[in-house]
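Thank you all for coming.

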Amino acid sequence: MSDSDLRRLYREHAPRAPEGRFSLETLLEGSGPIELDIGFGRGLSLFERAAQVPDSRIIGIEVKTKLAYKADQRLQKHDLRNVAILCGDAREILKRAEPSGSVRRVSLHFPDPWWKKRHDKRRVIGDALLTELERLMKPGGELFIQTDVEHRAAQYVAQLQERAGFALAAGRGYIDENPFGARSNREKRAIEDGLPVWRIVATRR
Ligand SMILES: C[S@@+](CC[C@H](N)C(=O)[O-])C[C@H]1O[C@@H](n2cnc3c(N)ncnc32)[C@H](O)[C@@H]1O
């Protein structure tokens, strides 16, 4: 298949969120806790988490069509029923998602690989996303962010400190270990290479 055929395949067959306002509750069967994995990349965190918590409903959101398509193919191959993939910009998708107060956990593993000032608007963690997470998360719900960029971690802490809807964990939000266990591809690589990782947890008030 040519590169352009592949790009079309990914674009046309990556799973999308329903049009307009839609319910996170009806994307997957069952009534288990809803978890979001935003920007899952190659998807290790999705698959590890799906195996750990088979009764949870895990929704992965990824903007790159190729990654969303490939993760979805893998779900189908392994007949994994507790994960749904939505391809698109998480900020736009979550703006349309309902119901409020339905999400138990949210993970953002190594988000925002953008360095230049002019790319600031691409950064997924910002007011638009945090406003929707405040709306969608249950009181007591956990938000977990990890990154290998120290100053980004400090920015995330500062952004969360300003929001009335979130309380950072003790110690300005920093924790040593991934509280959900499921590793992302970048996390696994960082651990193997012995690189530092900054991990932050906040609770929805
Ligand atoms: C540095 S990668 C990390 C991938 C994976 N979470 C990991 O830790 O291995 C960041 C991922 O976030 C995705 N991403 C960036 N902006 C996004 C957005 N607005 N909505 C959804 N996904 C986004 C990128 O396409 C990329 O796959």
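Helices (H or I, at least four residues) and strands (E, at least two) are DSSP runs, numbered from the N terminus. What we are looking at is a predicted model, in which local features need pLDDT of at least 70 and side-chain atom pairs count only at pLDDT 80 or more, while totals for chains, interfaces and linings use all residues. Residues are numbered from 1 along each chain as its sequence is written, and side-chain values use heavy atoms, with hydrogens and water left out.

Let me stay with Leu 27 for a moment. Its relative accessible area is 25%, so Leu 27 is partly exposed, a class that sits between buried, under 20%, and exposed, over 50%, with a 1.4 Å probe and protein chains only. Leu 27 and Arg 57 are 30 residues apart along the chain, and their C-alpha atoms are separated by 8.7 Å.

Now to the ligand. A residue is near a molecule if one of its heavy atoms lies within 4 Å of it, and of the 18 residues around the ligand, Gly 39, Glu 62, His 109, Ser 184 and Arg 186 come nearest. In the side chain of Ser 184, an N or O atom is 2.7 Å from an oxygen atom of the ligand, and a backbone N or O atom of Ala 90 lies 2.9 Å from a ligand nitrogen atom. Helix H4 (90-95) and helix H7 (185-192) are the elements that give two or more residues to the shell around the ligand.

Which two residues have a positive phi near 55 degrees? They are Phe 110 and Arg 172. This deserves a remark, because most residues other than glycine have a negative phi, and most peptide bonds are trans. Phe 110 lies in the loop between S6 and helix H5 (127-136), and with 9% relative accessibility Phe 110 counts as buried. Arg 172 is found in the loop between S8 and strand S9 (174-175).

As for peptide bonds, the one from Glu 98 to Pro 99 is cis, with omega near -15 degrees, and Pro 99 is found in the loop between strand S5 (97-98) and strand S6 (103-109).

I will finish with Arg 163, which lies in the loop between helix H6 (150-161) and strand S8 (166-168). Is Arg 163 buried or exposed? Arg 163 counts as buried, because its relative accessibility is 13%.

Key. A polar contact is a pair of N or O atoms within 3.5 Å; within protein, one must be able to donate a hydrogen and the other to accept it, and residues adjacent in sequence count only if both atoms are side-chain atoms.
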